[in-house]
Amino acid sequence: MDDAPTTAALEARAHWVAADLIAYPADLLPDAADWSFELWSRVPPPGGRMDPSATNPLLADRIVPLLPRPDGIGDLENDFPALRYHRALRVPLGPAEVARVVTGAVELVARRSGGSVGSTVRTGLQLGGVLDDLYGRDAVRRVLGPTWSDGVPSLTLWAPTALGVTLQLYGGLGRGPAARDLAGQPAERIPMARAADGAWSVQGEPSWAGRAYRYEVEVWVPAVGAVVGNVVTDPYSVALTTGSTHSVLVDLTDPAFRPAQWESTPPPPVARPVDRTIYELHVRDFSAADDLVPPEHRGAYLAFADSGRGAAHLRALAEAGLNTVHLLPVFDFASVPEDRTDQLAPVGDLRRFAPDSSEQQRAVSAVAARDAFNWGYDPWHYLAPEGSYATAGNADGGARVAELRTMVGALHGLGLQVVLDQVYNHTFRHGQDPGSVLDRVVPGYYHRLDAAGRVEASTCCSNIATERVMANKLMVDAVVHWARHYRVDGFRFDLMGHHSRDTMLAVRAGLDALTLAADGVDGRAVYLYGEGWNFGEVADDRIFVQARQGNLGRTGIGTFSDRLRDAVQGGSAANRASLFQQGFATGLATDPNDDAWTGPHEQEALLRRLGDLVRLGLAGNLRDLALRTSDGVLRRGDEIDYAGRPAGYADAPDEVITYVDAHDNHTLFDLLALKLPARTSMDDRVRMAMLALATTALAQTPILWHAGTDLLRSKSLDADSYDSGDWFNAIDWSGQDNGFGRGLPPAGRNEREWPWYAALLARADLKPSPVHIARAREWARDLLRLRFSTPLLRLGDAALIREKVTFPGAGPAATPGVVLMHVDDRVGPDIDPVLDGALVVLNGRPGAVTERAVGLAGREYRLSPVQAHGVDGVVRETSWDAETGTVHVPGRTAALLVEAG
């Protein structure tokens, strides 16, 4: 108002959405008829600062009257649905003048006629829309970052509001610049030339190869009310110095950075998305505790190429049917020191403390900010590999590129495709923070802002507005870069629901343009999936049509399904109050724990409803699948309730990732420790773990297992191990220790539950023996063999699922805790030339059951040969009575029966 703060402190409640249009919220001026509007602007001199004591706070060099636009934002409503009810003002300036104005300070000023108290209102402007309007159509076609032509590099940076950009080039560093060698070294300063699309470029010389560089961007920063000379790395860096302080000019086609194993090892084929069986793995977890990996390779990319226990484990899984490894972030992230000599480790021998002690977590937490571990969901540079996973001395320049490529080649050699985790929903920092890159190049553009112009943080950090043209371009360019230059086979998108469906389709189109002949990869075969959760400022398609559950029909893009996950586990990972609530595979109603929150009838009713979710999940979570539910009603999948939302949301089975645990939240073993009755034997805990995994292995969708879940992996009950160090995260591939009882997990998200956790961790009988771990390992491999024993478990087509898949006995008469699924190959096209049918039985009850498979009398079923000769002796007690069409299955067992054709 009249006493409004300086421009730097103003809220930005108005939106400059196009060159000729500004929108402002109706509640800014409820009675707009009495007000006149002006655009105040000033393009300051370099280093200039606004004088907050002046009558005109901007010392505006231009004041432009604005006239109301009666029809609001008009057709732009499609691009800015959240501004649908904003009022609009017409800007009487040409594009060239607007382009000049937005390089400085701008405000929307309203004056009330009569000049009474409160007669002036000022607000800042959000500029993302107008920058897209001015530059987006041309800039989106620009190739950004370093490019090479016949050994000659060029550099291009998009900075449309910059007053000037200078390249700072560091010399004499050869192929492997060391960050510490750059300290105090003067840079060669080379002016860059601006183009009409807002990009600044410079052409270099062959001698620039391997040299470090940064940009000095002279730009108006509204947050500080001044022109600042921001010295930043390249947002499109493909290589970096140790510590990511400088970008490095690396030609990714240079033979020096193309290891032979990567060049010569093609990925194994995965015919269809529904054939994908994914193992979610953290690079450091893989080898940090592997005593057969050379010490210098532990926790590093190169461990995958060693003959360690982890590599042998992956090879065995691949031979059983696993075909894809999903790696948690390997792009450059900000939370781990990249120089190994800077990394700290917990002090003392943590093995000497009791299994329920808080001392282990105290020691881990004391060094967490400077140790070698983090999940890596804090992106810094999107196109460059993370340096902390490089071996000592090889985090600089192209060396880390070569080592990451070696890892990809090694995994391909093990018979596994590679999926990379991508995090485009947020950056590590924003504003003038040293960890900020994008926002110091184009202030206020790349991040999603709230109604007052503050950066949204619903994802935990600084949300990126990938609906912006150039943020969208960065995401597409980065994904295509990883596919083309590292030959990876798929991508998993963190919090994908914070991106638009159109953005994901743009990613799909960018990949589809890649060919084996031109790019070394068939982009059409690259699989995409992600977290399609619906929350935050984008929820319910408020800003755009989200890439979330239910919105990705016919795209072939998968989303994690929480429906089957929660039904199998019990409760919900999103609800801490349900931590001890049981589910289909954790004893609900059939083996209640001490935390039973309702009576037996209510628990049984819930178990029946969860059975509906398990059936739907096994059949691909299809929205139009007809299923007789526990109340006797025949419902479509999208008419079945899941926490107030449609349970079925997919149009095709490849749009769903079926899983029961992942890196987030508790491991499957820990969930069983929390939910099963304390009296449950370890033998039965192993059976329940394998039953839970069977709900994924026998599902008609792509599936994902958390690495180590086949070894009963525990994180000592840690619900959020993102920064819990190797102590709580490393995997023991030898099978001697599953990780349970390593002390109370770090306080963070866990301290509230410590009293319960301590009681469990202190119990020696809850820690599995090496014999139990070995049994689970072989059992899990049998599940993979079972999955690939018949294509009837992977029909791959919604129409085939609707035609062939039924659930005998489903409805109110179904036994709670038991699910039968029949896949009939006598119906429709012949899918399996060897078999006429497959019958899946999941028995979550403690005791054996005998179930009538309605409509299957006279059919000749027998236990699958995989299980008949497998590690689990109990399942061999399964029997089939052809005359009555009844099947007998032992307790806590998943069985597959097949009928020969």
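This report describes a helix pair, a sheet and the helices lying across that sheet in a predicted model.

Local features need pLDDT of at least 70, side-chain atom pairs count only at pLDDT 80 or more, and totals for chains, interfaces and linings use all residues. Residues are numbered from 1 along each chain as its sequence is written, and side-chain values use heavy atoms, with hydrogens and water left out.

Helices (H or I, at least four residues) and strands (E, at least two) are DSSP runs, numbered from the N terminus. Strands pair if DSSP finds at least two bridges between them. The open sheet has eight strands in the order β31-β26-β25-β24-β21-β18-β17-β32, with parallel pairing. Its edge strands, β31 (656–657) and β32 (703–706), each pair on one side only. β31 pairs with β26 (residues 558–560) in the parallel sense over two bridges, and Phe 560 stands opposite Ile 657 in β31.

Two helices lie across strands of the sheet, as tabulated; angles run from 0 to 180 degrees between N-to-C directions, with axes fitted to C-alpha atoms, for helices over the stretch in contact (heavy atoms within 4.5 Å).

On the α9 side the contact includes Asn 472, Met 475 and Val 476, and on the α10 side Thr 503, Met 504 and Gly 510. The contact residues divide into nine nonpolar, three polar and no charged, where Ala, Val, Leu, Ile, Met, Phe, Trp, Tyr, Cys and Pro count as nonpolar, Asp, Glu, Lys and Arg as charged, and the others, Gly among them, as polar.
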